[in-house]
Amino acid sequence: GLISVSSWGIQISLWGLTVWLPSDTGASTDAIVVLGRGEAFRDLRTGTVQELWRAGRSPQIFASGMMDARPIVQSLKGLGVPGQNLSGEECSRSTQENALFTAALLKPPGAKHILLVTDVAHMLRSLLIFRKAGFQVIPHPVSLPLQWTSLVQQRCLFREYLALIHYVLRGEMAKFTSQNSTIPSAAVAAKIQAWNCRV
């Protein structure tokens, strides 16, 4: 118990989720994709995305996530990113849906190579799912909320391990193949139109 919530325990848990991640090469991409994870995560990743955009990593920023995409876009506008460089979707309620809806909106115009921004705990799962949705992905993880206690951090990390195991055991990862995600399904496109969830 005490070991698992110590700084040492958290670092080991983070290592297990990050050791497999490729490094950010600094290459330019078709789009910077930022995933929402709730208000506590929002400011740090919004600031990171603005810095990446100013560094010329991509002219386009795409925000994904119900309850998060619109506030992220609004915050980026406030940080000086022009509206024409911003878009997003607020349909998705899970990481799988983040990938599906992002693919439905970004891939038809030709965006295939993305710089993916989410927190360090969430990145491995996100990377695998976005790759399976047909994207070439450069991961750019940001830290967990700085105000979180060690216990809250460890709970978040534990949930990520459980989610990865759950996806593998249920075969969810296998559903995201390049063959079935090159063209967005009619159901995904219909939902985007019906819910009017483009940002």
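**Exercise 1.** Determine whether Arg-37 is buried, partly exposed or exposed, and identify the salt bridge that Arg-37 forms with an aspartate.

*Solution.* Step 1: Arg-37 has a relative accessibility of 24%. Buried means under 20% relative accessible area, exposed over 50%, and partly exposed in between (1.4 Å probe, protein chains only). Arg-37 therefore counts as partly exposed.

The model is predicted: local features need pLDDT of at least 70, side-chain atom pairs count only at pLDDT 80 or more, and totals for chains, interfaces and linings use all residues. Residues are numbered from 1 along each chain as its sequence is written, and side-chain values use heavy atoms, with hydrogens and water left out.

Step 1: A salt bridge is defined as a side-chain nitrogen of Lys or Arg within 4 Å of a carboxyl oxygen of Asp or Glu. Arg-37 meets this criterion with Asp-119, the closest N and O atoms lying 2.8 Å apart.

Step 2: Arg-37 is in the loop between S1 and H2, and Asp-119 in the loop between strand S4 (113-117) and helix H5 (123-132), so the bridge ties together parts 82 residues apart in sequence. Helices (H or I, at least four residues) and strands (E, at least two) are DSSP runs, numbered from the N terminus.

Step 3: Asp-119, at 0% relative accessibility, is buried.

**Exercise 2.** State how many salt bridges the whole structure holds, and characterise the one between Arg-57 and Asp-24.

Step 1: In the bridge between Arg-57 and Asp-24, the N to O distance is 2.7 Å. The partners are 33 residues apart: Arg-57 belongs to the loop between helix H2 (39-54) and strand S2 (61-64), and Asp-24 to the loop between helix H1 (7-18) and strand S1 (31-35).

Step 2: Arg-57 is buried at 9% relative accessibility, whereas Asp-24 is partly exposed at 27%.

**Exercise 3.** Describe the disulfide of Cys-91 and Cys-197, including its handedness.

*Solution.* Step 1: One disulfide is found in the whole structure; the criterion is a pair of cysteine sulfur atoms within 2.5 Å. The sulfur atoms of Cys-91 and Cys-197 are 1.6 Å apart.

Step 1: The torsion about the S-S bond is about -65°, so the disulfide is left-handed.

Step 2: Cys-91 lies in the loop between strand S3 (86-89) and helix H4 (95-106), and Cys-197 in the segment after helix H9 (186-195), 106 residues apart.

Step 3: Both Cys-91 and Cys-197 are buried.
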